[in-house]
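User: I would like to go through this structure with you, one topic at a time. Could we begin with the aromatic residues once it is on screen?

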Amino acid sequence: MTTRPTITLGFTTFRPETLPYANIAMRDHALVLLEEPDTPGFEAMLRNELPVDEYLMLTDFEFPRYAAQQCELLKRLHSDGVRVRQVHPWMDRLAAIHEFFASGKGPDDLPESGPERDVYERERTWTRSLMDYYESSATGDFGAMIEAVRRFAAEDAEKIRDMDTVRAKAVMDASDDSPDTYVECGSIHHLMVLLMHRQLRRTGKVRVVHLMEEICRTHYGRRRLLPPGDVLTYRHLLNAPPDAEAERQLAARALAYNRLIAKEESSADVATHPHMQNEAAVIGFVKRLSFDQCREVCQRGGFPTKLAPQGGTGSTQ
């Protein structure tokens, strides 16, 4: 009997503290597909023909400490015989569009239909909703900010839906000759589970791994942590019944969360899971806030009066 191929969806946050768990999960597979577009020098870096620091200089990485440490992990996997590929066709197409425009072409020069046009139109709408949020933030009008966050969450969900649909097909094409494939997924891309189940319904099986699950369950009693903004986006992804009041409260808590969460990569020992600790504490804190208290956090840029954070009591909502 032929063995059914297995695709493991590994959900992660792109922080150094996740890498020891990624190492364990990835090395049990013949093929690893990263949630990254094609980047210059990647294959040479894997073969140790290009130093990691030089490779990182070729592309602007959002989390440089994570990227550097992940490169070392990927080099070890490659030397042990694990195939590693970057598979993110949406971002590849977006990069191609940027190059197309840089050559002197404009939006009217794109084909009227096809993948490039689809990506351009979706990204344009998404960017407009993001700019609306930035503009509302500049006014300080909390009500306007709330409505901008709600609109952005709906648009973000549509972009994620399109992005994941494209990537799921690419994953199937890339893993066609592999009996077991690990697919790296950012934590918001849980729609990939449904999409891959549909793809593999008769020919294979899907396995879901949350890299930090053991730590998260031990300390916070949850499989994973979800910030309020992600919960709001998931409402749209999962086509939840409209509930303006619930969405307004989630949007308010998302704004407070964004004010309070640490933005920079921590230099603390990864064994202490500094980002998860911070995330759990802030999620637990903002869950206790009323709408008006969230407004105060955003206006003051810090904790509301008569309230103090009470440690890492993480929540899924």
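**Aromatic pairs and other local features**

Analyst: Y55 is buried, at 1% relative accessible area; buried means under 20% relative accessible area, exposed over 50% and partly exposed in between, with a 1.4 Å probe and protein chains only. This is a predicted model, in which local features need pLDDT of at least 70 and side-chain atom pairs count only at pLDDT 80 or more, while totals for chains, interfaces and linings use all residues. Residues are numbered from 1 along each chain as its sequence is written, and side-chain values use heavy atoms, with hydrogens and water left out.

User: How many aromatic pairs does the structure hold?

Analyst: There are 8 aromatic pairs. Rings of Phe, Tyr and Trp (its six-membered ring) pair if their centres lie within 6.5 Å; planes under 30 degrees apart count as stacked, over 60 as edge-to-face and the rest as tilted.

User: How are the rings of Y55 and F61 arranged?

Analyst: That pair is tilted, because the planes of Y55 and F61 stand at 50°, with the ring centres 5.8 Å apart. Y55 and F61 form one aromatic cluster with F42.

User: And what about F101 and Y120?

Analyst: The planes of F101 and Y120 are at 90° and the ring centres 5.9 Å apart, so this pair is edge-to-face. The pair links distant parts of the chain, 19 residues apart: F101 belongs to helix 5 (residues 89–102) and Y120 to helix 6 (residues 115–139). Helices (H or I, at least four residues) and strands (E, at least two) are DSSP runs, numbered from the N terminus.

User: Changing topic: where is T18?

Analyst: T18 sits in the loop between strand 1 (6–12) and helix 1 (19–26). T18 counts as buried, with 2% relative accessibility.

User: What does the side chain of T18 pair with?

Analyst: The side chain of T18 makes a polar contact of 3.5 Å with that of T12. A polar contact is a pair of N or O atoms within 3.5 Å; within protein, one must be able to donate a hydrogen and the other to accept it, and residues adjacent in sequence count only if both atoms are side-chain atoms.

User: Which residues does T18 touch overall?

Analyst: Leaving aside residues up to four places away in sequence, T18 touches T12, T13, Y66, L211 and M212. Contact here means heavy atoms within 4.5 Å.

User: Next, what lines the second largest pocket?

Analyst: Its lining consists of Y21, I24, A25, D28, H29, R207, V209, H210, L211 and E214. Helix 1 and strand 5 (205–210) are the elements that give two or more residues to that lining.

User: Let us turn to helix 10. Is it enclosed or open?

Analyst: Helix 10 is largely enclosed by the rest of the structure, because 7 of its 10 residues are buried. The buried residues of helix 10 are P228, V231, L232, T233, Y234, R235 and L237, and they pack against helix 7 (142–174), helix 8 (191–199), helix 11 and helix 12.

User: What follows helix 10?

Analyst: N239 follows helix 10, with a positive phi near 55°. Most residues other than glycine have a negative phi.

User: Where is N48, and what is its phi?

Analyst: N48 is in the loop between helix 2 (42–46) and helix 3 (52–57), and its phi is positive, near 65°. N48 is exposed, with 55% relative accessible area.

User: And H273?

Analyst: H273 lies in the loop between helix 11 (244–260) and helix 12 (274–286). Its phi is positive, near 50°, and H273 counts as buried at 10% relative accessibility.

Conventions: 1 Å grid on protein atoms, 1.4 Å probe; cavity = no way out; pocket = protein on both sides within 12 Å on 5 of 7 lines; lining within 4 Å.
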